[in-house]
There are 2 protein chains.
Amino acid sequence: MNTRYADRIVGKLRTEGLKVTPQRIAILNFLDGNRSHPSVDEIHREVLRAFPTISLATVYNTLETLEKMGVIRALCIDPTRKRFDPDTSLHHHARCDRCGTIRDVWGDLGPTLRLPDDVSREFVAEGASVSFRGHCRECVTYC
Amino acid sequence: MNTRYADRIVGKLRTEGLKVTPQRIAILNFLDGNRSHPSVDEIHREVLRAFPTISLATVYNTLETLEKMGVIRALCIDPTRKRFDPDTSLHHHARCDRCGTIRDVWGDLGPTLRLPDDVSREFVAEGASVSFRGHCRECVTYC
DNA sequence: TTCGATGCAAAGCCTTTGCATCCTG
DNA sequence: CAGGATGCAAAGGCTTTGCATCGAA
């Protein structure tokens, strides 16, 4: 049967001896199924509605914890801030230069994601990601 | 015959009606052939040695100008700061999680960097880059 | 009861901006 | 000489840190 993302992570927190606080639950509920690749500030602003006292520092702390647990991924695609993705399975991203929206890109880019032999002798790759830039359909007409 | 990177860009600056200042020349000379993917601060610190009065703002301004001219590329691979690459031809990068070093990755990655059809109906790609993360040979033994 | 988590405020970086002055073209 | 470029300082935005207090287990 399906377990909700938030429930699954709560179990993992317990397993690792970390505490399950209402703030963490609120953040996990917001991330659950979220494909908007929100920034720290967006997460904070949204969770604030359900939880008026949560601080920015708590959001930063929680996201760091979740990232270390490997249940969210920090994206380096917006040059002005980190963005977070609760989907840690292999996929890529495309960012609109005009509106900043980031969309998921699924597809077999596999062959691309291996280091050439000359580099792999010098560098052990543990992950790879592809970032596309360009314009989304809404914005392309204005460029 | 070969034209040095810096000389070529100086010509381009003139062509575009922009001014060729000693500060800009110093920055271009530092970038010429540089494969360290330096940050703004690293560029500033280095150019400062030859040009003790150059300000950080000038470095920021110049890099922005050069990026708009398309003669340098800003990399989004270090989550803490922008990095710059004077080589704008199609290649990718690998960043060591431990020491932060960024190395170039050349190889036949180009042809496969196309958006899947379902996405390309919604998004016009104008560029793509592949980022590898992992550990360089010097650092991998400490992990 | 314990020790990690929270909230708040301050501090730290990176980057941008405003403006008077300078200097290339 | 005109307009773009520079230098300086201040401000802005994102992120981290210190510390007293709180609360999950």
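In which sense do strand E3 of chain A and strand E5 of chain A pair, and over how many bridges? Strand E3 (residues 92-96) and strand E5 (residues 123-136) of chain A pair in the parallel sense over four bridges. Strands (E, at least two residues) and helices (H or I, at least four) are DSSP runs numbered from the N terminus, and two strands pair if DSSP finds at least two bridges between them. Arg95(A) has Arg133(A) in E5(A) as its bridge partner.

The model is predicted: local features need pLDDT of at least 70, side-chain atom pairs count only at pLDDT 80 or more, and totals for chains, interfaces and linings use all residues. Residues are numbered from 1 along each chain as its sequence is written, chains are lettered from A and ligands numbered from 1 in the order in which they are written, and side-chain values use heavy atoms, without hydrogens and water.

An open sheet of six strands, with mixed pairing, runs in the order E4(A)-E3(A)-E5(A)-E5(B)-E3(B)-E4(B). Strand E4 (102-105) of chain A and strand E4 (102-105) of chain B each have a single partner strand, so one side of each is left without a neighbour in the sheet.

Arg24(A) lies in helix H2 (residues 22-31) of chain A. Its relative accessibility of 17% is why Arg24(A) counts as buried (under 20% relative accessible area, with exposed over 50% and partly exposed in between; 1.4 Å probe, protein chains only). Beyond neighbours within four places in sequence, its contacts (heavy atoms within 4.5 Å) include Leu13(A), Leu18(A) and Thr62(A). Two distances follow.

| From | To | Distance |
|---|---|---|
| Arg24(A) side chain | Lys19(A) backbone oxygen | 3.0 Å |
| Arg24(A) C-alpha | Ile9(A) C-alpha | 9.9 Å |

Conventions: Polar contact = N/O pair within 3.5 Å; in protein donor to acceptor, adjacent residues only side chain to side chain.
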